[in-house]
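Biologist: I have not looked at this one before. Can you put it up and walk me through it?

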Amino acid sequence: MVWVATVTALVVLALLIVFMLQNQDPVQVQYLGLSGSLPLGIGLFIAAVAGGVLVAVAGAARITQLRRTATRPSRTPTPGTSWQPHRPLFKRRHHA
């Protein structure tokens, strides 16, 4: 499985290099008052990486939120009482 992932990653990287080499036309870019010129392929690559970073940050925040919720106790016992786990209101009857 590792070899398949490695070969797939190498093919994707080779296609990315071809894309960047074929899109060398300079473009004017303006962002937050800054302006400059860079090759089209590089500009698109930077935009894709920035989008991936935003998705990764949002995903990490959601995973952290879910883990915090999962590890938080659902009920805390009040002092002087014993805590018992949740019991169903109705017992299931198994028919043979």
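**The hairpin and the rest**

Modeller: This is a predicted model. A place to start is Gln-28, whose bridge partner in strand S2 is Ser-37.

Biologist: Which way do S1 and S2 pair, and over how many bridges?

Modeller: Strand S1, residues 26-31, pairs with S2 in the antiparallel sense, over six bridges.

Biologist: And how many residues sit between the strands in that hairpin?

Modeller: Two residues lie between S1 and S2 there, and Leu-32 takes a positive phi near 50° in this hairpin.

Biologist: Stepping back, what order do the elements run in?

Modeller: From the N terminus the order is α-β-β-α, with two helices and two strands in the protein chain.

Biologist: How much of the chain is buried?

Modeller: Buried residues are 3% of the 96 residues. The protein chain exposes about 9200 Å², and 68% of that comes from carbon and sulfur atoms.

Biologist: What about contacts between residues 24 or more positions apart?

Modeller: They account for 9% of the contacts with a separation of 6 or more.

Biologist: New topic. Which residues form the nonpolar patch on the surface?

Modeller: Phe-45, Ile-46, Val-49, Val-53 and Val-57, with about 420 Å² of accessible area together.

Notes. Residues numbered from 1 in each chain as written. Predicted model: local features only at pLDDT ≥ 70, side-chain atom pairs only at ≥ 80, totals over all residues. Heavy atoms only, no water. Pairing = 2+ DSSP bridges. Helix = DSSP H or I, 4+ residues; strand = E, 2+ residues; numbered from the N terminus. Patch = residues over 30% accessible without salt bridge, like charges linked within 9 Å, V, L, I, M, F, W, Y side chains within 5 Å. Areas by Shrake-Rupley, 256 points an atom, 1.4 Å probe, with all protein chains shown as cover. Salt bridge = Lys/Arg side-chain N within 4 Å of Asp/Glu carboxyl O. Buried < 20%, exposed > 50% of the residue type's maximum accessible area, 1.4 Å probe, protein only. Contact = heavy atoms within 4.5 Å.
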